[in-house]
Amino acid sequence: MAASLVSSLTLPLISAVLGGAIALVFLAGYLRRKRAAIAHIPPSAPNAAPDQPKRVRPSNQAQHKKGHPRPHHNAADKDAAKKHHHLDVNTLRGHTDSVTALHFSNDGANLSTVCADGAVRVFRIDDTSSKSFKILRINLPAGAHPTGVAFSEGSSSVVVAAQALLGSSFYMYADVSAPPTVQNKQQGKLSPPEIKWSHQKIHGKESVLNLAAAHATHGPGDGSTIIISCSEATDIKVWHGKSGKELGTVDTNQLKNNMADISPNGRFIAAAAFTADVKVWEIVYSKDSSVKEVNKVMQLKGHKSAVTCLCFAPTSEQIITASKDGSIRVWNINVRYHLDEDPKTLRVLPIPLHDSKGSVCQYDHMSISPDGKVLAVTSESTLQWLCVETGAVLDTAEKAHEGHITGIAWAPRKISNGGVPAFILGTAGVDKKVKLWLAPQVGST
């Protein structure tokens with residue numbers, strides 16, 4: 001009788017003990033997950049960009065609301081957990097391959113990019129701190145690999161250079177700033193913008209290294225967009241952005257080009273090529289605002305090795321060059337060249353970036369801020385900001401991209417960053433990303 005009583009009591013007791021142990025195991029697992037979740041909440045205030053307000057992180061319920069999946073927020077949250085450079089404002093996503101070039105519209109409200117996936121994307125930039133941006137995607141003809149892009153006629157059209165099997169081509173897409181219709185938005189489709197004009201084999205079989213655009217405001221120029229295409233050979237062509245008419249061709253005769261640029265007023269063209277000298281041409285406009293001719297007018301001599309990149313100052317009166325000889329030069333080209341007056345070297349500055357062995361790095365891209373105070377330069381994956389006046393390093397972002405930086409561009413005017421107007425730099429990379437950066441402060445000199 002006693003044994004039977006003990007047996008009847010032991011079974012419930014054992015069950016209770018086992019049930020309690022299982023409950024403790026689940027409770028411990030829950031607490032561990034809770035602690036891990038708390039530990040991985042990214043700190044917002046210390047890593048926030050200057051002048052950028054704190055953002056309220058949306059709840060998981062809001063992010064995954066039924067019928068409206070927003071997977072890009074997950075990627076944004078992962079990036080937020082990483083420690084960014086303090087000038088890093090935002091990352092534009094959606095590219096599925098290396099981004100090859102980028103360009104801001106004249107009002108800074110749109111940013112166009114071209115990607116090795118064969119697509120052109122136009123991002124609407126209302127505020128650089130936004131969590132998402134309206135994107136218009138344009139698929140290029142099959143087999144076309146885009147290498148350059150530039151806005152034409154404000155922000156309403158883009159010109160794209162693409163390389164195909166038979167050579168490089170030009171495409172001008174109109175109405176790229178038109179917002180998607182409600183029906184297309186619901187279907188996830190967009191009506192492709194119209195191809196207004198196109199040209200084939202614009203540089204023979206050679207690829208286009210870069211495009212550059214400016215508004216013809218010098219002399220009798222009518223303000224229309226002038227675009228130059230720089231081939232990987234030695235020729236550079238001048239185009240009318242709206243009509244697509246070829247306006248002229250120049251030849252550097254320097255074995256191969258590295259890149260070319262056009263002055264903001266549409267007057268001068270300068271080329272960085274295989275040799276140490278930089279050649280400069282002038283676009284001459286007729287009284288009816290048409291392009292009359294393109295003439296070589298001066299040559300910048302002073303570097304001891306090849307010039308890798310260059311850019312014009314906002315005033316169109318200066319050129320900044322970087323060379324393999326380890327120096328940066330600032331040139332005054334506002335001279336009476338028709339009286340054989342030579343351009344003058346205003347400043348010679350050492351390239352301040354060195355590799356792990358102490359050797360001077362080579363700059364790949366450069367662009368000057370709209371106020372003419374900050375020079376942005378890149379070397380492989382490193383982004384650096386220099387004071388134009390002194391050459392002093394204002395800031396450096398090592399590994400700004402996960403791989404080489406393929407292009408940089410300043411928004412031509414201040415645009416909103418958290419409601420505060422700011423100068424913004426865009427960078428593109430092989431890591432499928434486009435990043436937006438604040439300009440560093442330039443102290444008094």
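Colleague: Which residue's side chain is joined to that of Thr234 by a polar contact of 2.7 Å?

Modeller: This is a predicted model, in which local features need pLDDT of at least 70 and side-chain atom pairs count only at pLDDT 80 or more, whereas totals for chains, interfaces and linings use all residues. Residues are numbered from 1 along each chain as its sequence is written, and side-chain values use heavy atoms, with hydrogens and water left out. A polar contact is a pair of N or O atoms within 3.5 Å, where within protein one must be able to donate a hydrogen and the other to accept it, and residues adjacent in sequence count only if both atoms are side-chain atoms. At 2.7 Å, the side chain of Thr234 makes such a contact with that of Asp251.

Colleague: Is Thr234 buried or exposed?

Modeller: Thr234 is found in the loop between β12 (225-231) and β13 (235-240), where strands (E, at least two residues) and helices (H or I, at least four) are DSSP runs numbered from the N terminus. Leaving aside neighbours within four places in sequence, Thr234 is in contact (heavy atoms within 4.5 Å) with residues including Val250, Asp251, Leu255 and Asn257. Buried means under 20% relative accessible area, exposed over 50% and partly exposed in between, with a 1.4 Å probe and protein chains only. Because the relative accessible area of Thr234 is 17%, this residue counts as buried.

Colleague: What is the bridge partner of Phe312 in β20?

Modeller: β19 and β20 (residues 318-323) pair in the antiparallel sense over 5 bridges. In β20, the residue bridged to Phe312 is Ile319.

Colleague: How far apart are the C-alpha atoms of Pro314 and Asp371?

Modeller: Pro314 is found in the loop between β19 and β20 and is partly exposed, with a relative accessible area of 34%. Leaving aside neighbours within four places in sequence, Pro314 is in contact with Pro264, Ile368, Ser369, Pro370 and Gly372. Pro314 and Asp371 lie 57 residues apart along the chain, yet the separation of their C-alpha atoms is 7.2 Å.

Colleague: How many disulfides does the structure hold?

Modeller: A disulfide is a pair of cysteine sulfur atoms within 2.5 Å. For Cys311, the nearest cysteine sulfur, that of Cys309, is 7.8 Å away, and Cys311 is in no disulfide; Cys311 is also buried, at 4% relative accessibility. The number of disulfides in the structure is 0.

Colleague: Which residue in β30 stands opposite Trp410?

Modeller: An open sheet of 4 strands, paired antiparallel, has the order β1-β31-β30-β27. β1 (88-92) and β27 (405-410) are the edge strands, each having a single partner, so one side of each lacks a neighbour in the sheet. β27 pairs with β30 (residues 424-429) in the antiparallel sense over 5 bridges. Within β30, the residue opposite Trp410 is Leu425.

Definitions and conventions: Two strands pair if DSSP finds at least two bridges between them.
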